[in-house]
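Q: Hi! Could you walk me through this one while I have it open on my screen?

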Amino acid sequence: MADTLVSVVAPLEGVEPAAVRARRPESSRRAAFTVPSFLGLVPFAAYILLFLGLPTAIALFTGFLDGSGSFSLTNIEALADPVVLNTFGNSIGLSALTAVIGSVVGAACCYALIGTNPTGLLRSVVDSASGVLAQFGGVMLAFAFVATIGIQGMVTVYLRDSLGIDIFADGVWLYELPGLVLPYIYFQVPLMIITFLPALEGLKPQWAEANASLGGSRATYWWRIGIPVLTPSFLGCLLLLFANAFSSFATAAALTSQGSQIVPLQIRAALTSETVLGRENLAGALALGMIVVMVIVMTLYSLLMKRSAKWQR
Amino acid sequence: MIEPRPLTRWLILGVVGLVFLVPIVAMGEFTLRRGLEGGYDFSRWIAVFSGGLTGEYKGVLTALGNSVVLAVVTVAVMLVILVPTMILVQLRFSYLRRAMEFLCLLPITIPAIVLVVGLAPVYSVVAKMFGSGVWTLSFAYGIIVLPFAYRAIQANLQAIDVVTLSEAARSLGAGWATVLVRVLLPNLRRGILSASFISVAVVLGEYTIAALLNRVNLQTALVIVSKSDPFVAVIFALLALVFAFLLLLAIGRVGAPRRKRSLTGASS
């Protein structure tokens, strides 16, 4: 409809449609100056400033204040404390482990989904289930794993009564750091499916045809074309999974009973009790540390995504 | 050539699917257990639903009500603040598009737990202005749903030619209000709908901000209930997961018929 309208208007003015299109930015810019339409951007800008910019700034700068509100670096120095370093190590280790496992299993699922009808029942169910587990789970995934591998969980009881295997023979690990691995994988794999599947759909059929016409096999296709083209996307998604695990809080908060084994739990402890390492405003310093890690990861991610966009023109 | 062999495909999907089904089945099995004497029945489910709004699970139902209010207000915040701005940027400020995208995707980089550190002082001011009603959390939730909502709406915005549509309507004498309400919004219906659904799902599952700002929503109530009655917590969690699954399934269905029609249109 829009195109027919342009072709109706164009002959009247005696210009080619392409010329009409080319002139458009100029005319709309002129209109922008006559009507103060930038006022329309104010609500959004104010909202972002108040509820994203301001909280982030506060979170980052309180780390530089001491108890009386004056500038100090003592809290930043606390980031080098062995306890804090150990927590960051735990967080990074947990995120890296679950990101690697999640991305490999998720990529395998994406591979298995190639060629299925994108609007079919299978894909709808996989998409929705992935969305729920990746973005909605949180607290409820913790419950799911208590019901599965908790002390009275279905799998625990089955293994103990039927096969004589006691998964908690060396103590109950579900409510500590190792217990987070399985629930985290449970939301990492779905996130990989959501983020990596579009990259696989970007593989052009022509490449497979070119490979076949040059006598390449299925293995040659994947080894020489598929894997090299997909590697930047895969690494990008891996980083996104890392960032996702690193910033996740709800599952750990609902699952771990005591202690602050990962950074988000330590921030909670600092916010609610203020007794972490006997320092005030440590939450701000920890938040700063998290942001530094996240900014590094997300910068690498956007670089990799630019690299992978090369093949999607 | 690219497609996996059927055996490989179903082996991978089957194994992963079964493993991922285990915790969900375990939740179901857990809620049906019959105390110490063993065996299964539906007594816990019946107890939850027969109590109604006044039963002992009133706390969870109130919290669910809070979460629904939060979801509605968050969607409203998104519709009133985000959608008009995105249209305006697309129409008049095309040079701001990259900046807009950067801003909207920024909350992915800033973890909710970090945001909450700075939100606490902001909310002490918000509480003075708007009271401490639970709905005020929606301002913070509007931020965390921003990346999801932005992506859904932007995909729709790119698929239609906003500039041509609005100029066409303007040249036929429509005012800006008419352009927005009668031309652009109907064309953006699918994007707005899926942005709203995903926002509802994210808000219903949110725990971090509510817990640390001491507000009650569905998730914080579930954590509290789980300490005294884990069975009831698991029942509600299972229901919430199924509800979110159906909600997202509906998003997929909203998009599907249109795609199918354009495919057949292209081949005919």
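**A chat about chains A and B**

A: Happy to, and let's start inside chain B: B:Ser67 has a relative accessibility of 0%, so B:Ser67 counts as buried. Keep in mind that this is a predicted model.

Q: Where does B:Ser67 sit?

A: B:Ser67 belongs to helix 3 of chain B, which covers residues 58-91.

Q: And what does B:Ser67 touch, not counting residues up to four places away in sequence?

A: With those set aside, B:Ser67 touches B:Val203, B:Leu204, B:Asn217 and B:Leu218. Two of those names come up again at helix 12 of chain B: B:Leu218 is among the buried residues of that helix, and a side-chain oxygen of B:Asn217 comes to within 3.1 Å of the backbone nitrogen of B:Gln219 at the helix start.

Q: How many residues of helix 12 of chain B are buried?

A: Eight of the eleven, so helix 12 (residues 218-228) is mostly covered. Besides B:Leu218, the buried ones include B:Gln219, B:Thr220, B:Ala221 and B:Leu222. B:Val223, B:Val225 and B:Ser226 are also on that list.

Q: What about the loop between helix 11 and helix 12 of chain B, which residue is found there?

A: One to look at is B:Asn214, in the loop between helix 11 (208-212) and helix 12. Its phi is near 55°, a positive value in a residue other than glycine.

Q: Is B:Asn214 buried or exposed?

A: Exposed: B:Asn214 has a relative accessible area of 68%, and the cut-off for exposed is over 50%.

Q: Changing topic, how many residues does each chain put into the contact?

A: Chain A gives 90 residues and chain B gives 87 residues. Between them the chains bury about 7,500 Å², with 79% of that on carbon and sulfur atoms.

Q: Which three residues supply more of the area that chain A buries than any other three?

A: That would be A:Phe44, A:Phe51 and A:Phe136, which supply 10% of the area chain A buries against chain B. As for elements, helix 3 of chain A (residues 42-61) gives the most to the side that touches chain B, with twelve residues.

Q: How many salt bridges across the interface?

A: The rule finds zero salt bridges between chain A and chain B. For polar contacts across the interface, the rule finds seven residue pairs, both at pLDDT 80 or more.

Q: OK, aromatics. How many pairs in the whole structure?

A: The search finds 17 aromatic pairs over all chains. In one of them, B:Phe130 and B:Phe139 have ring centres 5.6 Å apart and planes at 45°, so the pair is tilted. B:Trp135 and B:Phe139 also pair, edge-to-face, at 5.9 Å centre to centre with 65° between the planes.

Q: Which residues form the aromatic cluster?

A: A:Tyr47, A:Phe51, B:Tyr123, B:Phe130, B:Trp135 and B:Phe139 form one cluster.

Methods. Residues are numbered from 1 along each chain as its sequence is written. Chains are lettered from A and ligands numbered from 1 in the order in which they are written. This is a predicted model: local features need pLDDT of at least 70, side-chain atom pairs count only at pLDDT 80 or more; totals for chains, interfaces and linings use all residues. Side-chain values use heavy atoms; hydrogens and water are left out. Contact means heavy atoms within 4.5 Å. Buried area is the accessible area (1.4 Å probe) that two parts lose on being put together, summed over both. A salt bridge is a side-chain nitrogen of Lys or Arg within 4 Å of a carboxyl oxygen of Asp or Glu. A polar contact is a pair of N or O atoms within 3.5 Å; within protein, one must be able to donate a hydrogen and the other to accept it, and residues adjacent in sequence count only if both atoms are side-chain atoms. Helices (H or I, at least four residues) and strands (E, at least two) are DSSP runs, numbered from the N terminus. Rings of Phe, Tyr and Trp (its six-membered ring) pair if their centres lie within 6.5 Å; planes under 30 degrees apart count as stacked, over 60 as edge-to-face and the rest as tilted. Buried means under 20% relative accessible area, exposed over 50%, partly exposed in between (1.4 Å probe, protein chains only).
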